[in-house]
Every structure is written in C-alpha cells, then in structure tokens.
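Q: I would like to learn how to read salt bridges and helix faces. Could you take me through them step by step?

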Amino acid sequence: MDEGTEKIILEQILQGNDRAFEQLVQGHAAQILSLATRLIGDRDEAEDIAQEAFLRLHRSLGTFRGDSKISTWLYRTVSRLAIDHLRREQRRRKLFFFRKSDDEEQPDPVESAAAPDPSPREALLAQETQRRLNTVLKKLSPRQRAVFILRHQEELPLKEIARILELEEGTVKAHLHRAVTVLRHELHDLKEGSP
C-alpha cells in the first residue's frame, strides 16, 4: 500500500468509515502475519499477535500523528508483542522440566513463578542449573540433543524440527520425550521450589 493511498484511507477512517479500516487491514494483513510467523515460529500464535496489533492500531488511530507509515507502526508493534510472547514462553519452558508430571490439573508453573529479577543466590543457582543442563545434554544422542535444542532453545515448532532433521514428526516427538525423560532423571534434585 503506497503512502498516498494510506493517507486517504486514514482520513476516511477518522471520518468514521469502518470499511476503510477493513481496507487498511487487508492491505497489511499478509505482511504482518508473515512477520509474526517468522518471529514466533507458530502460525496460530502469530495470528493472535497480528490480531492484537490490528486491535491496538484501531484503538490508536484517533491519536495517530502520521510521523511514520502505518506499516512501520505495525511492524514495531508486532515485534514488541512477539518479543514479549517469546519471553513468556522461555520462562514457561524453563519451568516445564521441573514439573513432577504432565498432569493438566496441576497449576501452571508460570503462574507461580518468582519475580523476574533474581536475587544473587537465585542467579547463582540458575548458573549452576545451566552448567548441569549442559553436562546432561552431552549425554544425549546427537538426534535427541538436536531435537531438544531446536525445540527448547531455538523454540522451533515440531513440524519445523522434523523438516530440518528430515524426520517424521512422530519420530521428533519420540526423541524429545526420551531427551526430556533423561533430563528429568539426571536433574531430579533441581525440582520446582527446591532451595
């Protein structure tokens, strides 16, 4: 969408033309969804982020000064939303290993997580945990290690991992399950809430 067309559409939106906002969304939807998908790696979650960005745009149009193009504003908003999302997922995955089971009835560990600023003692424990995790990772088979790292450190979806390693998705899940089982066994003393 060129800048001239965008300005005309913005004027129509500010005059209360709802169809103009739909036109604006249609003009940017593909790019914004593509960006969110590349940042997140999951199409469904990317759609949620793109939708949230358009909602925020709709709420902000009344105060939009036009200092930047709409596409720039949307790219920045999607990037911020994606980074926040990835940080939440990172915390969730770190805590995943210290759950006693996959029981859905157990409270989500992210909900009971400590404040984001760790004390010096917590920081030291985190370093020690990372060191031990790296040691245990070396005990995994190369495929198990690759699957684990791609999933939990690179945060790639299972389909993408399967494509990268040229494996069936079920095989990727099996490798991941074995890797997590080994990690839980080797790091069982580092359970959630331990001193």
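Q: By about how much of a helical turn are Glu-47 and Arg-43 separated in helix 3?
A: This is a predicted model, in which local features need pLDDT of at least 70 and side-chain atom pairs count only at pLDDT 80 or more, while totals for chains, interfaces and linings use all residues. Residues are numbered from 1 along each chain as its sequence is written, and side-chain values use heavy atoms, with hydrogens and water left out. Helices are DSSP runs (H or I, at least four residues) numbered from the N terminus. Glu-47 and Arg-43 lie four residues apart in helix 3 (residues 43-60), so about one helical turn separates them.

Q: How close are the N and O atoms of Glu-47 and Arg-43?
A: Side chains of opposite charge can pair when their charged atoms come close. A salt bridge is a side-chain nitrogen of Lys or Arg within 4 Å of a carboxyl oxygen of Asp or Glu. Glu-47 forms one with Arg-43, their closest N and O atoms being 3.6 Å apart.

Q: Which residues of helix 1 are buried?
A: Buried means under 20% relative accessible area, exposed over 50% and partly exposed in between (1.4 Å probe, protein chains only). In helix 1, the buried residues are Glu-6, Ile-9, Leu-10 and Ile-13. They lie on the same side of helix 1 because they cover an arc of only 105° around the axis, the arc being that of the directions from the helix axis to the C-beta atoms. The face turned away from the buried side of helix 1 carries the exposed residues Lys-7 and Glu-11.

How values were computed:
Helix = DSSP H or I, 4+ residues; strand = E, 2+ residues; numbered from the N terminus.
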